[in-house]
Amino acid sequence: MTLAAADFRTDDVAAVLGGCGHDVGRPSLFICEGVLVYLDQPTCARLLAGLRSRAAPGSRLAVSLAVHRQGVASEQVTAVANARRASGSAEPWQTILPLGAHLALISRAGWRVERAIDAVQLDAEAAPGRTQLVTALSGPRD
Ligand SMILES: C[S@@+](CC[C@H](N)C(=O)[O-])C[C@H]1O[C@@H](n2cnc3c(N)ncnc32)[C@H](O)[C@@H]1O
């Protein structure tokens, strides 16, 4: 196993992967669990596109997404959520969106969404409507 450091705000994930031995010619599973919520939307978009650029046919992306229902302002949801968290100032959540907006972001980065399920379907103790688990495939080029 190889561990590579990256700050997704400033580092190019494709270059980091290329520099640490990731084989761009073989299918990969990319997992972003509990990460995108900490990044702003442009950074999420760059990260997703960077991973897509390293995704050989047969690759899969698995992401967990912080979601809210349609019809309320994402900025307001995010501010309220951070105000309730002990670490809301030090490590603020930045990207909480309706599921459709998240899926659009993933699609624009070149991924083909495969499946989205509410975390409560896997963990009865999860709060419904808060976290979606999404898988996506390495797009129409497959
Ligand atoms: C709630 S933890 C999720 C941990 C993850 N599921 C794992 O198994 O390691 C959030 C993670 O996001 C990472 N993170 C937050 N902002 C980041 C950034 N700008 N660049 C890279 N990673 C970041 C943190 O370092 C932390 O590991």
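A: Let's start with Asp12, which counts as partly exposed because it has 15 C-beta neighbours inside 10 Å. The cut-offs are these: 20 or more other C-beta atoms within 10 Å of a residue's own make it buried, 12 or fewer make it exposed, and anything in between is partly exposed, with C-beta atoms placed from the backbone. Keep in mind that this is a predicted model, where local features need pLDDT of at least 70, side-chain atom pairs count only at pLDDT 80 or more, and totals for chains, interfaces and linings use all residues. Residues are numbered from 1 along each chain as its sequence is written.

Asp12 sits in the segment before helix 1. Leu51 takes us inside: it belongs to the largest nonpolar core, a group of 23 residues. Such a core is a set of buried Ala, Val, Leu, Ile, Met, Phe, Trp, Tyr and Cys residues joined through C-beta atoms within 7 Å. Leu48, Leu51, Leu61, Leu65, Ile106 and Trp111 are the members that touch the most others. Two or more residues each come from helix 1 (13-19), helix 2 (41-53), strand 2 (60-66), helix 4 (99-108) and strand 4 (131-137). Helices (H or I, at least four residues) and strands (E, at least two) are DSSP runs here, numbered from the N terminus.

Take Leu61 as an example. Setting aside neighbours within four places in sequence, Leu61 is in contact with Phe30, Leu51, Trp111, Thr135 and Ala136. Contact here means that two C-beta atoms, placed from the backbone, lie within 7 Å.

Now for helix 2. Its 13 residues reach 18 Å from first C-alpha to last, close to the 18 Å expected at 1.5 Å a residue; that expected span is 1.5 Å times one less than the number of residues. Cys44, Leu47, Leu48, Gly50, Leu51 and Arg52 are its buried residues. The elements covering them include helix 1, strand 1 (29-32), strand 2 and helix 4.

Ala109 lies in the loop between helix 4 and strand 3 (112-118), and is buried because it has 20 C-beta neighbours inside 10 Å. Not counting residues up to four places away in sequence, Ala109 touches Ala45, Leu48, Ala49 and Arg52. By contrast, Pro98 is 11 residues from Ala109 along the chain, with 17 Å between their C-alpha atoms.

For comparison, look at Asn82 in helix 3 (residues 74-84). With 16 other C-beta atoms within 10 Å, Asn82 is partly exposed. Beyond its neighbours within four places in sequence, Asn82 is in contact with Gly88, Pro92 and Trp93.

Stepping back, the chain has 4 helices and 4 strands, in the order α-β-α-β-α-α-β-β along the sequence. The radius of gyration is 15 Å, close to the 14 Å that the globule rule gives for 142 residues, so the chain is as compact as a globular protein of that length. That radius is taken over C-alpha atoms, and the rule is 2.2 Å times the number of residues to the power 0.38. Of the 142 residues, 21% count as buried. Among contacts between residues at least 6 apart in sequence, 71% join residues at least 24 apart.
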